[in-house]
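Biologist: Let's take a close look at a single part. Then place it in the wider assembly, please.

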Amino acid sequence: MLSVDNISLAFGGVKALTDISFDVREHEIRAIIGPNGAGKSSMLNCINGVYSPQRGTIRIGTETFRQMDPNKAARMGIARTFQNIALFKGMSVLDNLMTGRNLKMNCGLLAQALYLGPNRREEIEHREKVEHIIDFLQIESVRKTPVARLPYGIQKRVELGRALAAEPRLLLLDEPMAGMNIEEKQDMCRFILDVNDEFGTTIVLIEHDMGVVMDISDRVVVLDYGKKIGDGTPDDVRNNQAVIDAYLGVAH
Amino acid sequence: MQFFFEVLIGGLLAGVMYSLVALGFVLIYKASGVFNFAQGAMVFFAALTFVGLQEKTGLPFWIVLALTLAVMILLGVLTERIVLRPLVNQPQITLFMATIGLSFLLEGLSQLIWGSDVRRLDLGLQDEPIQVVMDRFGILISKFDLAAAAVAGVLVGVLAVFFNKTRIGRALRAVADDHQAALAVGIPLQQIWSIVWSVAGFVALVAGLLWGARNGVQFALTFVALKALPVLILGGFESILGAIVGGLIIGAAEKLAEVYLGPLVGGGIEGWFAYMLALLFLLVRPEGLFGEKRIDRV
């Protein structure tokens, strides 16, 4: 459903990505791994339109794009989370999730200003969907709490919730488990697998924890210094010499 | 006691006028985290455009009002297109500097187009006491002030619901919090900014008409914005309710201080009392009465 072809991205003289191609199949969990600075987040940022690659194309479904922009990506059904949580800190969990449904709501400005019937009905209808996600992620008890007051692990969960609220076809997760303890990681893994299972969402995730990656992903792309050095099932990647060298270093 | 109430009510009603101006600041601060230095200039520009159009065209009140509103919306959209769009993702201080520029531009532009004479603005509201209240309680309450308060009340009610209960309202708050994240969930930043500047323009128009009718439409209207500052500090920069409560407190406090403390220090308190109150308030509760308390994790 998604394929990136020959993507190259440079910031001035620094080549962040060089000629990267890979594809993501419908309903798949696809991991992108690599050492720090390998270009993983840059890759996600290209798909979601935050960065514009100098060369290459991105194909979503049947449409091919020279470059995306974040708004277009959202409209195409791509939702994402960020490496450093990017929630709306002053707003409650509920409101954060409701912004995720922004694109699904279409009452006019005037109706909203006056809070007329159709607008109220729309609010209620979407609130129901959001409550479903809140149940799903087991964050009922913090529904009305401003996000800034929540512990880190829960914030990560809320961010996932906001992405889910958009009912995305493709979910991009940038290090969903960074900085979590074992228990929180297990919870997050379960949520990711459930999302994939229940909602049929295709997922692309970046993660450093190899155990997690090997456990939950169907296929893995390995990047190093902006180049693709491996691509395949977890087992393939584990036994790939280039990948082992990149992670463990090469003896001189 | 009667006198006390008269001063108090007069102060509260005057405070509502401050609130109206403060409201414009709050709107833009909520939606972009930027203190809009140009709000005072917008008030002046709106009032002058209204009076200018009225003189030039001689059309009835409501038509001129609609025309001026159209001009303010156009101004909002243009501000987004020309000033804000190139500055997306820039630090807030940059945006703040841009609004200073905008403020000088507006001040110059409005006087270039309409001239710099002091104009009279007649809304058909007399600044005279309400007879019934006068007879019954012996308290002087200005009809004009009461009407202004009613207008402000309605405006605040609508805006509060709009911000807290609707999609666009939520999108506005989201944009203020995090541009990047807002874009990622598909909130069109440009459209949101156009809307909020247009709404701020509308609020400036209402404030401009009421202040203009009271003091005459003149350059001094831009200084009205300065009176909104202590209101904002008291109420909190993000809170619509805060703008109202802050305005009421400032209005009442400065009138009461003038009357009761004034004689002790030789009078002339009204001019600076609000600012001193704001200073004291900063020491106790820097985020304001209704502002959002920021908790940073270390």
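Biologist: Is A:I124 buried or exposed, and how many other C-beta atoms lie within 10 Å?

Modeller: This is a predicted model, in which local features need pLDDT of at least 70 and side-chain atom pairs count only at pLDDT 80 or more, while totals for chains, interfaces and linings use all residues. Residues are numbered from 1 along each chain as its sequence is written, and chains are lettered from A and ligands numbered from 1 in the order in which they are written.

A:I124 is exposed, because 9 other C-beta atoms lie within 10 Å. The cut-offs are 20 or more for buried, 12 or fewer for exposed and partly exposed in between, with C-beta atoms placed from the backbone. A:I124 sits in helix α5 (residues 117-137) of chain A. Helices are DSSP runs of H or I, at least four residues, numbered from the N terminus. From A:N102, A:I124 is 22 residues away in sequence and 14 Å away in space, C-alpha to C-alpha.

Now the rest of chain A. Chain A splits into domain 1 (1-77 + 168-252) and domain 2 (92-165), with bounds from an automatic or database domain assignment. Their centres, taken over C-alpha atoms, are 27 Å apart. Eleven residues of domain 1 and eight residues of domain 2 make the contact. Contact means C-beta atoms, placed from the backbone, within 7 Å. On the domain 1 side, α2 (70-75) and α7 (182-199) of chain A are the elements giving two or more residues. α7(A) gives the most, with four residues. That side of domain 1 holds eight nonpolar, one polar and two charged residues. Here Ala, Val, Leu, Ile, Met, Phe, Trp, Tyr, Cys and Pro are nonpolar, Asp, Glu, Lys and Arg are charged, and the others, Gly among them, are polar.

Next, the partner chain. The contact between the chains takes 24 residues from chain B and 31 residues from chain A. On the chain B side, α6 (143-165), α7 (167-177) and α8 (179-184) each supply at least two residues. α7(B) gives the most, with seven residues. The chain B side divides into 14 nonpolar, three polar and seven charged residues.

Last, a helix pair in chain B. The axes of α10 (residues 224-235) and α11 (residues 240-265) of chain B come within 8 Å and cross at roughly 120 degrees. Axes are lines fitted to C-alpha atoms over the stretch in contact, and angles run from 0 to 180 degrees between N-to-C directions. Among the residues in this contact are B:P230 and B:L234 of α10(B), and B:G246 and B:I249 of α11(B). The contact of α10(B) with α11(B) counts eight nonpolar, four polar and no charged residues.

Notes:
Contact = placed C-beta atoms within 7 Å.
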